[in-house]
Amino acid sequence: KRGNIYLSGAGPSAWHEEYPVAKGKRQSPVDINTNKTKFDPKLAADPLTIRFSDSCCQSIVNTGISFQVTSNGAGCELSGGPLDSTYQFAQFHAHWGAYLKTTGSEHTVDGVSYPAELHLVHWNTKYDDFKDAVDKPDGLAVIAVFFKRGKEHPGFGKIQDLFSKIPAKGAKVNIDFEFNPGLLMPPDSENYWTYLGSLTTPPLYESVTWIVMKEPLEVSVEQIAILRTLLWETPNGVSQMYNNFRPPVPLRDRVIRASFG
Ligand SMILES: COc1ccc(CNS(=O)(=O)c2ccc(S(N)(=O)=O)s2)cc1
Ligand SMILES: [Zn+2]
């Protein structure tokens, strides 16, 4: 179906036809070449403050390109580190690959992909609301957490239990249990890379301060597989959702800073 931005036409490599900014100066994702990152002591001096609450996740929706857990942001704020103001949590979603493939994440580290990547999207509270912030150069801050195969993550499993209730694009259910997105932070969330980038899906606004956690979060192989039980529309009809990731784009004239030495 034309609606599938990853499978219609030539996919991400054709996005520039409708969204010329796809070839812009601060696009995402990128490869994080750890030989070229630069430790910035200012990031260590003013630690990132990540606050989540038990009551901030209201619902989960199938957006047609991922699941999205949506929040009213109450008690969920991000500040410090590379950020000059307070950002409020809006939603989290993920990107992942195909069965038995090693690709799936959007950012890569020294050319290596992870099987999936979680994005926790926050908007700058100097703007009136999310929609006002979404296309401003300092409008959004997204925390990226890599998933790696390992022990089961029961917390994320509670979110995955809802996937069967959102079988099609636009399907949405309320989350009637407490879920603290802080559960999805890796044990060590002090070490991260940060750079100025963009949304990784159209409209590809160059409005994101990326905060990529160095330490991945462990989830089980079964949980990676359950991501693919979500459904989306393809040119050949409804099928399993996977490969909903944009591959890395050129870093151009940017330096990725590290909060660690
Ligand atoms: C005009 O209103 C709008 C315009 C655009 C959106 C897109 N949705 S969004 O901003 O949450 C994101 C898109 C891609 C994200 S990623 N993979 O980089 O974290 S976050 C929403 C409302
Ligand atoms: Zn994303």
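Visitor: Let's start with the ligand. Which atom of ligand 1 is 3.4 Å from an N or O atom in the side chain of His119?
Guide: That one is a nitrogen atom of ligand 1. Bear in mind that this is a predicted model.

Visitor: And how much of the ligand does the protein bury?
Guide: The protein buries 78% of the 520 Å² that ligand 1 exposes when taken alone.

Visitor: OK, which elements give two or more residues to the shell around ligand 1?
Guide: Those are strand 7 (87-96), strand 9 (116-124) and helix 3 (130-133). Strand 7 has the largest share, with three residues.

Visitor: How many residues surround ligand 1, and which are the closest?
Guide: There are 15 around ligand 1, and the closest are Gln91, His93, His95, Thr200 and Thr201.

Visitor: What does a polar side-chain atom of Gln91 lie 2.9 Å from?
Guide: An oxygen atom of ligand 1. For His95, a polar side-chain atom lies 3.2 Å from a nitrogen atom of the ligand.

Visitor: Nice. What's the class make-up of that shell?
Guide: Seven residues around ligand 1 are nonpolar, six are polar and two are charged.

Visitor: Let's zoom out. How many helices and strands does the protein have?
Guide: You'll find five helices and 17 strands. The radius of gyration is 17 Å, close to the 18 Å that the globule rule gives for 261 residues, so the protein is as compact as a globular protein of that length.

Visitor: Switching to the backbone: which residues are joined by a cis peptide bond with omega about 0°?
Guide: That bond joins Ser28 and Pro29. Pro29 sits in the loop between helix 1 (15-18) and strand 1 (31-32). A cis peptide bond also joins Pro202 and Pro203, with omega about 15°.

Visitor: Where does Pro203 lie?
Guide: In the loop between strand 12 (192-197) and strand 13 (208-213).

Visitor: Last one: which residue has a positive phi although it is not a glycine?
Guide: Leu100 does, with a phi of about 65°. To find Leu100, look in the loop between strand 7 and strand 8 (108-109).

Note on methods:
Residues are numbered from 1 along each chain as its sequence is written. Chains are lettered from A and ligands numbered from 1 in the order in which they are written. This is a predicted model: local features need pLDDT of at least 70, side-chain atom pairs count only at pLDDT 80 or more; totals for chains, interfaces and linings use all residues. Side-chain values use heavy atoms; hydrogens and water are left out. A residue is near a molecule or strand if one of its heavy atoms lies within 4 Å of it. A polar contact is a pair of N or O atoms within 3.5 Å; within protein, one must be able to donate a hydrogen and the other to accept it, and residues adjacent in sequence count only if both atoms are side-chain atoms. Accessible areas come from the Shrake-Rupley method with a 1.4 Å probe; for residues, only the protein chains shown count as cover. Helices (H or I, at least four residues) and strands (E, at least two) are DSSP runs, numbered from the N terminus. Ala, Val, Leu, Ile, Met, Phe, Trp, Tyr, Cys and Pro count as nonpolar, Asp, Glu, Lys and Arg as charged, and the others, Gly among them, as polar. The radius of gyration is taken over C-alpha atoms; the globule rule is 2.2 Å times the number of residues to the power 0.38.
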